[in-house]
Amino acid sequence: MYSMFVKYKIFHRPYANGLQQVLSPFQMSEAQWGLIRYIYEVGPATNSEIALYWSVEKPSVTALAQKLIDQHLIYVVYGTDKRNKVMHLTEEGIVKYQQLRQAVHTFQSSLLEGVSEEECEIVEKVLEKMQQNIRK
């Protein structure tokens, strides 16, 4: 049973390195890609929402967001409460997302060679349950 965690740990580093190799030509880190992907797929979000979703401290998201603002990939709109800053993708950010999504999809598809859709669904369910359990 615990070998599953060992296998996850052994898989994670090569996966992260492979993903970074895919993202590097686009001058993008895995975390930056994650933020762009979140905003595109989920919608505009605050730093607090991202921090909660990723289980990280808000300053980590703030620093990451600033880099994407500097690259003109996201912009911030202030809510009615000035402390509430909502991040949106710029047109350039949307184009970057689409470019990256294709490259990441190709990489991830290569990793799923020989893995059935049913197996993917089972792994997703197990990971979701473990995520819920770790947050208890």
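Start with the lining of the largest pocket: by class it has 24 nonpolar, 5 polar and 7 charged residues. Here Ala, Val, Leu, Ile, Met, Phe, Trp, Tyr, Cys and Pro count as nonpolar, Asp, Glu, Lys and Arg as charged, and the others, Gly among them, as polar. The model is predicted: local features need pLDDT of at least 70, side-chain atom pairs count only at pLDDT 80 or more, and totals for chains, interfaces and linings use all residues. Residues are numbered from 1 along each chain as its sequence is written, and side-chain values use heavy atoms, without hydrogens and water.

Stay with this pocket. Its volume is about 2,200 Å³. Select Tyr-8, Phe-11, Tyr-15, Val-123 and Leu-127, the closest to its centre of the 36 lining residues. A pocket is an open set of points on a 1 Å grid over the protein atoms alone, where a 1.4 Å probe fits, with protein on both sides within 12 Å along at least five of seven lines; lining residues have an atom within 4 Å of a point. Points are joined across faces, edges and corners, and a volume is the space filled by probe spheres set on them.

Next, select helix H6 (117-134). H6 gives the most to this lining, with 9 residues. Helices (H or I, at least four residues) and strands (E, at least two) are DSSP runs, numbered from the N terminus.

Now move to the second largest pocket, about 270 Å³ in volume. Select Asn-47, Lys-58, Thr-62, Val-76 and Lys-85, which lie nearest its centre among 14 lining residues. Then pick H4, which gives the most, with 5 residues. Finish by colouring this lining by class: 5 nonpolar, 6 polar and 3 charged.
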